[in-house]
Amino acid sequence: MMDEKIENAKQYPLLEQINSPDDLKKLSKEEIPALSGEIRSFLIEQVTEHGGHLASNLGAVELTLAIHRVFSTPTDHVIFDVGHQSYIHKLITGRRDRFDTLRQGGGLGGFPKRSESEHDCFGTGHSSTSLSAALGFAEADRIAGSDAYTVCVLGDGAYTGGMIHEALNNCRKDLHLIIVINENEMSISKNIGRFAKNLSSLRSGERYFKTKRVTASVLHHIPLIGKPMFRFLLRMKIALKSALYGSNYFENLGLTYFGPVDGNDEAAVERLLREAKKADQSCVIHLKTKKGMGYAPAEEHPDLFHGMSPCKKMKPEGTSFSDEMGLLLTEKAKELPNLCAITAAMAEGTGLHHFRAAHPDRFFDVGIAEEHAVTFAAGLSAGGCIPVVSIYSTFLQRAYDNIVHDVALQNLPVVLCVDRAGLNAADGATHHGIFDVAFLSEIPNVKIYTPVTRAGLRLSLEKALAEKSVAAIRYSNGYEDLSVKETFYGAEDPVDVGVRKNYDDPDALDAVIITHGRIVKEAMKAVELLKAQGKNVGILLLEQLKPYAETAEMILPLLPQKPCKLIFLEEEIRTGGMGMLLSDALVRRSETENKEMILMAIDESFVVQEKNESILKTAGLDAESIVAKLI
């Protein structure tokens with residue numbers, strides 16, 4: 001450990017001195033560019049080895065340093081949106097020595113986390129929530145009479161979310177609220193030409209701010225005509241700005257606007273932040289940064305360096321379920337001219353980039369606006385199209401009301417592709433897809449399919465597209481497992497979705513595990529462990545959950561007639577989940593009186609992976625936990 005510290009001190013001499021924001025403030029402005037370079041090298045080294053979000057953080061180095069040189073956390077509040085651009089913030093606030101544990105069990109989270117540091121005032125694992133939270137902090141400080149500032153670092157992707165605009169609509173001018181817009185891809189500002197660009201540069205310089213303050217002070221001290229003259233000049237300035245820049249959305253909302261300026265110029269950003277602080281009112285600072293800054297591969301292909309897996313983690317062969325779904329939809333669109341695909345800013349993540357390339361006129365990326373995506377799909381459906389909405393499980397939570405009122409209540413055919421279903425260890429509790437089964441199960445007119453093989457995915461899509469109501473297909477962030485395919489399919493060419501089993505004689509079994517999704521692998525391990533103890537346990541793998549009455553009818557003939565245990569195993573929340581609803585459907589048939597039913601699911605908790613444990617072990621859903629229920 002000592003040798004490692006010595007080596008780091010040689011490689012990162014300035015970064016090794018930074019254990020708190022106070023240490024950063026002690027550096028001279030001449031040392032900041034060198035520190036920025038060290039941070040970039042450190043991030044590239046750590047993230048490429050251990051995984052994480054790289055491109056967005058490389059672009060946010062200077063703006064984060066400037067914020068911590070001007071403001072003082074935790075007294076001042078800094079909120080990052082999207083939260084994955086907070087790695088530099090973690091480095092500056094005393095977490096550098098634990099950075100090799102990033103996104104690992106018991107290690108640093110990949111997003112800001114209140115329980116992790118006093119400098120993380122608010123967790124932002126999902127996008128577009130920051131400004132509402134920041135506004136809450138600023139109003140709370142106003143009510144308490146505090147002089148603390150709240151800084152909201154808003155990525156331009158987050159700006160596509162509706163909550164940001166709802167919060168902007170409620171921003172008061174008399175708050176210590178500073179909104180930093182980090183524009184690195186989406187063009188927010190109008191293309192203003194060379195003259196206006198030069199003028200913008202002048203407006204961000206120290207001389208401009210000093211002249212502005214002196215002029216205001218002099219005019220306000222001239223008797224009688226001073227204040228009217230100041231108001232006249234202010235109106236002229238606003239008119240000139242409007243002519244050059246166009247109408248400024250933020251200033252129309254009553255917020256003082258600074259920018260746009262180069263967000264990778266730390267001195268310029270720091271200067272603007274200090275001026276915004278002096279303004280003593282709500283301000284917007286508009287920065288333009290380079291995503292992937294300082295690392296050529298990430299600059300050229302920022303999408304490929306957005307979220308990275310650890311270099312030691314081997315990528316399985318074949319296509320992921322996300323890619324497979326994108327390819328299936330692309331093929332289906334050739335025979336269905338009214339098939340449309342919708343994503344909420346996750347075309348690559350959901351595999352819809354394939355569809356976008358082949359059918360651009362029927363592909364819609366609505367930005368980080370999941371509610372809009374679902375209601376938009378409802379409109380497309382009512383208009384005669386066949387809409388497919390691909391959204392991560394945890395993002396779909398935002399559109400719950402839209403699924404209920406705009407789709408299900410009107411019984412409109414809409415297909416929901418629920419990606420990243422189940423526990424997702426690296427991204428933590430904010431990204432665990434453990435609620436979709438429960439909240440979709442309680443909505444009338446919804447059918448739920450749960451394929452675990454590529455063949456099952458294809459058949460589920462075909463059935464979902466043929467439905468006359470809303471259908472959800474949920475699948476994990478992963479690949480087909482050949483051992484699962486061989487166990488439950490064999491050489492069979494499936495023609496329909498349903499219930500798969502790994503046994504021939506039900507009455508030879510001591511127990512049956514009823515499950516769905518990738519957790520079937522843990523069930524298979526448990527069966528082998530139990531076999532060594534002389535117990536014969538079978539597995540029923542469900543490719544369809546809802547309607548539960550229909551699924552219950554399918555599995556009843558497959559159960560032993562004799563007394564036995566039935567374990568309902570799922571990688572989701574227990575309350576309202578598959579186990580609870582399917583066991584209830586079986587009980588209603590009065591044919592399971594001699595069966596002991598055991599529900600194994602996530603029990604009223606957010607799962608936070610423990611150190612040196614798998615996420616399933618932490619949740620009590622691993623093979624050993626299953627065995628313990630059966631012996």
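Ser117 is buried, with a relative accessible area of 10%; buried denotes under 20% relative accessible area, exposed over 50% and partly exposed in between, with a 1.4 Å probe and protein chains only. The model is predicted, so local features need pLDDT of at least 70 and side-chain atom pairs count only at pLDDT 80 or more, whereas totals for chains, interfaces and linings use all residues. Residues are numbered from 1 along each chain as its sequence is written, and side-chain values use heavy atoms, with hydrogens and water left out.

**Overall composition**

- The protein contains 27 helices and 19 strands; these are DSSP runs numbered from the N terminus, with helices (H or I) of at least four residues and strands (E) of at least two.
- Of the 631 residues in the protein, 54% are buried.
- Among contacts (heavy atoms within 4.5 Å) with a separation of 6 or more, 76% are between residues 24 or more positions apart.

**Surroundings of Ser117**

- Ser117 is located in the loop between helix H6 (87-95) and helix H7 (130-144).
- A polar atom of the Ser117 side chain lies 3.0 Å from the backbone nitrogen of His119.
- When neighbours within four places in sequence are left aside, Ser117 is in contact with Thr93 and Arg95.

**His68 and helix H5**

- His68 belongs to helix H5 (residues 61-70) and is buried at 1% relative accessibility.
- H5 is mostly covered, with 10 of its 10 residues buried; among them are Glu62, Thr64, His68 and Arg69.
- The side chains of His68 and His89 are joined by a polar contact of 2.9 Å. Such a contact is a pair of N or O atoms within 3.5 Å; within protein, one must be able to donate a hydrogen and the other to accept it, and residues adjacent in sequence count only if both atoms are side-chain atoms.
- Pro21 is 47 residues from His68 along the chain, and their C-alpha atoms are separated by 5.9 Å.
- Beyond neighbours within four places in sequence, the contacts of His68 include Pro21, Leu24, His89 and Thr93.

- Helix H3 (residues 32-50) packs on H5 at an angle of about 125°, with the axes 10 Å apart. H3 is therefore oblique to H5. Angles run from 0 to 180 degrees between N-to-C directions, and axes are lines fitted to C-alpha atoms, for helices over the stretch in contact; under 35 degrees counts as roughly parallel, over 145 as roughly antiparallel, 65 to 115 as roughly perpendicular and the rest as oblique.
- Ile32, Leu35, Ser36, Ile39 and Arg40 of H3 make the contact with Val61, Glu62, Leu65 and Arg69 of H5.
- The residues of this H3 and H5 contact comprise 5 nonpolar, 1 polar and 3 charged; Ala, Val, Leu, Ile, Met, Phe, Trp, Tyr, Cys and Pro count as nonpolar, Asp, Glu, Lys and Arg as charged, and the others, Gly among them, as polar.
- H3 and H6 pack at about 110°, with axes 11 Å apart, which makes H3 roughly perpendicular to H6.
- Ile39, Phe42, Leu43 and Val47 in H3 meet Tyr87, Ile88, Leu91 and Ile92 in H6. The residues of this contact divide into 8 nonpolar, no polar and no charged.

**Packing of H17 against H19**

- The axes of helix H17 (residues 370-382) and helix H19 (residues 400-408) come within 9 Å and cross at roughly 10°, and the two helices are therefore roughly parallel to each other.
- Glu371, Val374, Thr375 and Ala378 of H17 make the contact with Asn402, Ile403, Asp406 and Val407 of H19.
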